[in-house]
Amino acid sequence: MPGNISRRSFLKGGIAACAAAASGIPVSASGADKDKQIATLLDIGKCIGCGACVEACSMVNAAKYPEPKKPFPKMYPDRAKPEDWSGKRDVNDRLTPYNWLFIQSADVTVNGEEKTITIPRRCMHCTNPPCVKLCPWGSAKQLENGISRIDPDLCLGGAKCKEVCPWEIPQRQTGTGLYLDILPAFAGNGVMYKCDRCYNRIAEGKLPACIEACPEKVQEIGPRDEIIKKAHALAKETNGYIYGENENGGTNTIYVSPVPFDVLNKAIETGKGKPHLKAVSDSMEKANNLVAAMAIAPIAGIAAAIGTFYKYSRKDNEGKTDEEK
Amino acid sequence: MKRNKNVYYLYLLTIIFISLSGGGQMPIFKRYYIADIPGLGWLARFYITHYVHYICAALIIGITSYAAAGYLLSAKNKLNLTVSGYLRSALIAGLIATGILLVIRNFEGYIFSHNLIIFLDLSHLALVMLFLFTSLYCFLFKKKWTAS
Ligand code: SF4
Ligand code: SF4
Ligand code: SF4
């Protein structure tokens, strides 16, 4: 298994390096090392579901929540529907633009004993986040430390990030943001919101609010390679299971659970704003593998041109010889 | 000559699909019911348009290299680019350059500055608009790429 992964990442790295070399970007400037990103470890065996983290999140991030202008501009065509959470700011049993973290619960049997497992859920902060990479405007951003965040001043609310996210994390609020200043009737529909892992607190050297507020010390934060090591040690010690290390090609949110995640996934309520716990393959991988074709294309094109050129020049020459005869 | 006709049709087809799939990177085809037209449903599926765009990009790079190499090799035969030929070549070169950078950005660990990403996204879009309008103009007024 590990051989497999390293071979795959080697291949990926190779293709990226080829592409980078072809365009003259120094590869060193790219720092293609996800171990340098900062990750969190969530020991969900410790979580008591008290919700202190959820409260802390909304308190600390209240200033980032939208204050939409009403009435919303009428949108055309009718298919574009407004999404309004501004009157339901207290909803805390799912993700909303005003609730970036919620507690999911699962009634399961562990060693013959009935138990309720509680799981804090929010953005996974993928190491290669499709929400960021596939945003057509550059409104979603990934920071060097692995945090992905959506810039509320640039987002147009098209919700592509939500659709390409394997967990459909980002949530929309209509009536706010840049689209109001462009063509509110015809393009855009608000701003997408999600956990930004308290990027501003981290920049100040503070802990994310949810980590700081937890009475059970469920979460830990640190360099990804160290967090992965700790997660494996913890899983070994507790006979636990890991989620988030390889999901979607790797995330910066590593859960360790006493119950297998496929069992948890069946026991939790999933749906709108309530993400699953399924295995997820790397969303960006297939397209990135196609880059090999782009690297070969110029060689094939030039070879074909040379082939055609010599075929025709030979014909030309033959023609000339005929005339000369 | 026949071979060049085939390359030309391949080029046209690729331009159509790369433009459609490129437009599909923006969430507009579903909103405007275009993805409801039978056969165009794929335009609303972001991963599908992403793959189609990459495959067409490989084709465009191949065809451009073919044409550029052919042009250089036959330079002796006094085949010259016209003004509109130069303009279209420059626009395609710009599209390929910004496109390659965006492709690199999509690999894990390639974290470009936000301003660079916004610049790449917007210039790629502006270049393709200019290219499509120029191509339409050239098509309507029968402007050729080269003149001998
Ligand atoms: S979990 Fe979804 S929203 Fe969060 S970084 Fe990954 S793709 Fe983006
Ligand atoms: S990291 Fe910050 S924004 Fe994210 S869930 Fe925790 S408190 Fe909320
Ligand atoms: S504060 Fe800690 S124990 Fe309480 S719900 Fe959140 S993660 Fe669980």
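**View 1. A facing pair of residues in two strands of chain A.** In this predicted model, Ile242(A) stands opposite Val256(A), which belongs to strand E10(A). The two strands concerned, E9(A) and E10(A), the latter covering residues 253–257, pair in the antiparallel sense over three bridges. Strands of a sheet pair through backbone hydrogen bonds, and such pairing can be either parallel or antiparallel.

**View 2. The open sheet of chain A.** Four strands of chain A, in the order E8-E1-E10-E9, make up an open sheet whose pairing is mixed. Strand E8 (219–223) and strand E9 (241–243) of chain A stand at the edges and have a single partner strand each, so one side of each is left without a neighbour in the sheet. From one strand to the next, the twist averages 25 degrees.

**View 3. A helix across the sheet of chain A.** Helix H7 of chain A, formed by residues 224–238, lies across strands E1 (38–43), E8, E9 and E10 of chain A, and the helix runs at about 135 degrees to E8(A).

**View 4. The elements of chain B.** Chain B has four helices and two strands, and from the N terminus on these elements run α-α-β-α-α-β. Of the 148 residues in chain B, 43% count as buried, while the accessible surface of chain B comes to about 8200 Å², with 75% of that area belonging to carbon and sulfur atoms.

Conventions
Residues numbered from 1 in each chain as written. Chains lettered and ligands numbered in written order. Predicted model: local features only at pLDDT ≥ 70, side-chain atom pairs only at ≥ 80, totals over all residues. Heavy atoms only, no water. Buried < 20%, exposed > 50% of the residue type's maximum accessible area, 1.4 Å probe, protein only. Areas by Shrake-Rupley, 256 points an atom, 1.4 Å probe, with all protein chains shown as cover. Pairing = 2+ DSSP bridges. Axes fitted to C-alpha atoms, helices over the stretch in contact; angles between N-to-C directions. Contact = heavy atoms within 4.5 Å.
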